[in-house]
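Please read the following explanation alongside the sequence and the coordinates.

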Amino acid sequence: AARAEVTARWEMLYRGTTAREEAALGAATAREADAALHALQDSSPGSLTVYVVPEGSALLPQGTDVYVGKHRSALVRARQGLATLHARLQQLTQVMSFSASSVAAALSDRVPNSQLGPDTRRHLKSSLGYEITFSLLNPDPKSHDVDWDIEGAVNHYVQPILDKLSLVANFSVDSQILYYAVLGVTPRFDKESSSFILSAHSLPHVINPVEARLGSSAASLYPVLNFLLYVPERSHSPLYIQDKDGAPVATNAFHSPRWGGIMIYNVEAPASPQASLPLHVDVDMVRVMEVFLAQLRLLFGLSREELPPEFLVESPGNEGLADWELDCLLWAHTMENIATVSTTLTSLAQLLDQISNIVIKDDVASEVYRAVAAVQDAMAELAEGRLRSAFLASKEAVTSSERAFFDPSLLHLLYFPDDQKFAIYIPLFLPMAVPIFLSLAKMIREARQSKKEPTKMD
Amino acid sequence: MLAAGLVLVLALAAGQGQEQGAVRGVLREELLLQPLPVGDVAAVFQFRTRWDADLQRGAVSHYRLFPKALGQLVAAHGVRELHLALTQGFWRTQSWGQPPLGAPAGAELWAWFQDSVPDVDKAWKEVSNILSGIFCASLNFIDSTNTVIPTASFKPLGTTNGTDHRLLRYAVLPREVVCTENLTPWKKLLPCGSKAGLAVLLKAERLFHSSYHSQAVHIRPICRDASCLTVSWELRQTLTVVFDSFTSIQGKKDWSLFKMFSRTLTDACPLASESKVYVDISPKNKEKELLEVTPTPTSVHEAIVQGDKRTYAVYDLLSPLLFNASRSLNVQLKWKRPQDSSELSTPVLHAQRYVSGYGLQTGEISTLIHNTHPYRAFPVLLLETVPWYLRLYVHTLTIITKGKENKPSYIHYEPAQDRQRPHLLEMLIQLPANSATKISIQFERALLKWTEYPPDPNHGFYVSSSVLSALVPSVIAMKDVDVEESPLFASLFPSSDGSSYFVRLYTEPLLVNLPTPDFSMPYNVICLTCTVVAVCYGSFYNLLTRTFHVEEPGRGGLAKRLANVIRRIRGVPPL
């Protein structure tokens, strides 16, 4: 196996601020300064602009040393000499582009298990496209007539983030309502709170029976991200999820790495018990979409948890994704794509070694050449720091290599294995072997006798 | 023009947003129980989802009652209309009457595509592959060798603004075996699954313990309202099953839901806007009060179905009265006195098909079509699809009615190409009143390559059913019915006018033996030659490796041995 090595190289250029930047930095708050500076920046993916502000600047709030903006810029408070600043800059760059751990997470499929924590495996694999499916599960249509305005919610909350991600992959969004779809676990009744409880350790068993109903997509072969909104049956509501310590989960939701997320949406019991069934329920999409978007970010590995306390990160606002976060994704996906291409081509080569008489058609060969050229191109662009073109080249390399690998003419079952040829000739080999073995046996017998005879003589 | 269209669409979308119920779609479910003349009982389930949205524009991706898998299939591949039927068994038209929903034995798939589809063959291939995945059926075996493009037999059943038959594809797999694995995904497409409503009766072990089972999916665009400016999409899932009551219920013709399905109905599907059970209680032989249904139906419906006046007892599952007396509904039918089954009213149109001839070189396919109408003649469209390995001799095509030659008014013949496409023969034949018409054509059996034989070649090769489509003149004048109002079993095929009704019949599939080589021969040859080679090799090896010892002389020649033998007989010691 080839040993992969990743070298990270940052190019740092220092310059003085221009007059206009100076003016922008004179804004009252960091947020305004960030917005004003955005207009002045070169905003190609992969580049970062860091403004070093004096120690006593009022631009940054007390206690924060670093402010990360919505775009590709950051403000850093100068403190204790150039060496500290340099270390801080390095830390900032790793947060805003990639670090050793993010690279390891991207290549997690190719790194032995023990080296990685459980969290690194939750990221989605890089793919040319993703399908996002929102499903409303209503297991009890007799009591609940649930309705959701999914069209509006998708247009308002999901589409902006997908527009931003359109460089990374193609996305398609759809939704469905499934009736009589139940979770695989019967919740436990808790007398104290008179509610039903799903404990954390039973969550892995929840998904399987539901998944049978979700159905696969007929239109494409891209991986599917499922977001389920579960409205519990009347006899099981309200239903809450408990974490490992027994405390209720605030969002009442959980996510499954590489698969999607589930949120439980409790319907308030009607004030009067005589209320006629079914109860009409309009889902509060703001509450739901907040959770689903957070889960979507988690699935893409964009969590902001591990930042040091002196970092202040601007919320991405309506777009749901900051420019530098998009860059993080691009860095990770480019590297993952390159690794994927090398694995695909290696296994293709292994297949050719195994079956020597396999026929490689010209079009397959040209796809392989194209993949190799594109991957070299991607490496070169990556070394130059041109992220966008590197990512596009790596995407092309993946497409070509997969097309070559999955070409129908390379189906190994088409080729007759050698061991079966041997089986056909058994009727020939077996009778021919009989006299050989007989004479061997005879030779051994004679050899033994000739050994025994001298002892007899004695 | 385009901008105006867009504005219209936007306005419509806004209108839909206000009217939530309209976008959600409407579900109707219905069960028709029909005692058949010979004593069997046919049960026809229909589930109809109507969705007031246009799937084709591609913008729709939010599904409510309509199943997402099928909706995406229609939208992504430009399907205009899709009809899939999976059938086990054969509908015996002669003894059971006209089928409520005809289907050939095996799998039948036909689809109309949009004229915007660039490559219809490719879309057809993809659609059949996806359906094969959805329904766990071997529809992926549909390829150019069993796909035909009929010119006249299959018209679109939904709204249409063109019938360019190049957008149509039709294929039948007569060998397909239908079983539970096909039923489960079919049930999963229902909004209520098999958890509530009429679908609780669909228990696989009872459904497949029957003489006939046919499940189908029909997707078509229909008019949203009377003005027909916009289309809605209709998904109709149908299931027909015929229970053989004589063998299962000890010779009595009485039946009940519980006896047939081993379940009873307890509620309607909560999502359905209509949920009804119809029982055919039409009086036969003018003798009324022959049969009795319990419990008392909520209403009685009279309709003219397939040229016959029928009376139906209706149970409306949504009516609160029905479940007041008992918690479950078990429809029972009792005959007041034993009915003589000798009088079978033969249907107006029925047909048989058989293959004749001897030997493995040539043969003849004959189709017999009967018109039992006493005084009306009518034309019938016959569609024959014959695989390429039966080479039809078209010059031997003869159509004989009442001893005279009958000249078809329309013939469309597409010859087969070896390993490429099948024969397609379509004819419009006039059937005189009270007559039988025999259509026969001779064929020669082709020799296949050895890899083209299926695993059990001696079973024979299936030739799919031929399709008869006809507008049969009705005895009783029929009224034009509103599709939304009338029961589902009467509304799949549009009725053209009041005087005739549409019938589509499928004949028996044929089983033809082809000359089959002895497939064990190569192995036998290998074994034999190998043994011969091995024996030769063994003796040669022995010759080369054995050491030969010269036998010790002195034991005497032949004369001495002979002398010894003689001496032993005499009892004298040897020399």
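The paragraphs below describe a predicted model.

We begin with a sheet in chain A. Three strands make up this open sheet, in the order 7-8-10, and their pairing is mixed. Its edges are strand 7 (188-190) and strand 10 (239-242) of chain A, each of which pairs on one side only. From one strand to the next the twist averages 40°. Strand 7 of chain A runs antiparallel to strand 8 (residues 195-199) of chain A, and 3 bridges join the two. Within this pairing, Phe189(A) lies opposite Phe196(A) of strand 8. In general, the strands of a sheet pair through backbone hydrogen bonds, in either the parallel or the antiparallel sense.

Chain B is considered next, at the level of its domains. The domain assignment divides chain B into domain 1 (25-335) and domain 2, which consists of 349-478 + 493-512. Taken over C-alpha atoms, the centres of domain 1 and domain 2 of chain B are 26 Å apart. Domain 1 of chain B contributes 33 residues to the contact, and domain 2 of chain B contributes 41 residues. About 2900 Å² is buried between these two domains of chain B, with 62% of it on carbon and sulfur atoms.

The polar side of this domain interface can also be described. Across the interface of domain 1 and domain 2 of chain B there is 1 salt bridge, along with 10 residue pairs in polar contact. On the side of domain 1 of chain B that touches domain 2, the elements giving two or more residues are helix 4 (93-96), strand 4 (106-113), strand 5 (147-148), strand 6 (168-173) and strand 13 (308-316) of chain B. Elsewhere in the description of chain B, a salt bridge links the side chains of Asp456(B) and Arg175(B), at 2.8 Å from N to O.

The last topic is the interface between the chains. Here 31 residues of chain A are in contact with 31 residues of chain B. The buried area between chain A and chain B is about 2900 Å², and carbon and sulfur atoms give 58% of it. There are 4 salt bridges between the two chains and 11 residue pairs in polar contact. Glu151(A) forms a salt bridge with Arg64(B), in which the closest N and O atoms are 3.6 Å apart. On the side of chain A that touches chain B, at least two residues each come from strand 5 (144-147), helix 5 (150-165), strand 6 (170-179), helix 6 (207-214) and helix 12 (426-457) of chain A. Helix 12 of chain A gives the most to this side, with 8 residues.

Key. Residues are numbered from 1 along each chain as its sequence is written. Chains are lettered from A and ligands numbered from 1 in the order in which they are written. This is a predicted model: local features need pLDDT of at least 70, side-chain atom pairs count only at pLDDT 80 or more; totals for chains, interfaces and linings use all residues. Side-chain values use heavy atoms; hydrogens and water are left out. Two strands pair if DSSP finds at least two bridges between them. Helices (H or I, at least four residues) and strands (E, at least two) are DSSP runs, numbered from the N terminus. Axes are lines fitted to C-alpha atoms, for helices over the stretch in contact, and angles run from 0 to 180 degrees between N-to-C directions. Domain bounds come from an automatic or database domain assignment. Contact means heavy atoms within 4.5 Å. Buried area is the accessible area (1.4 Å probe) that two parts lose on being put together, summed over both. A polar contact is a pair of N or O atoms within 3.5 Å; within protein, one must be able to donate a hydrogen and the other to accept it, and residues adjacent in sequence count only if both atoms are side-chain atoms.
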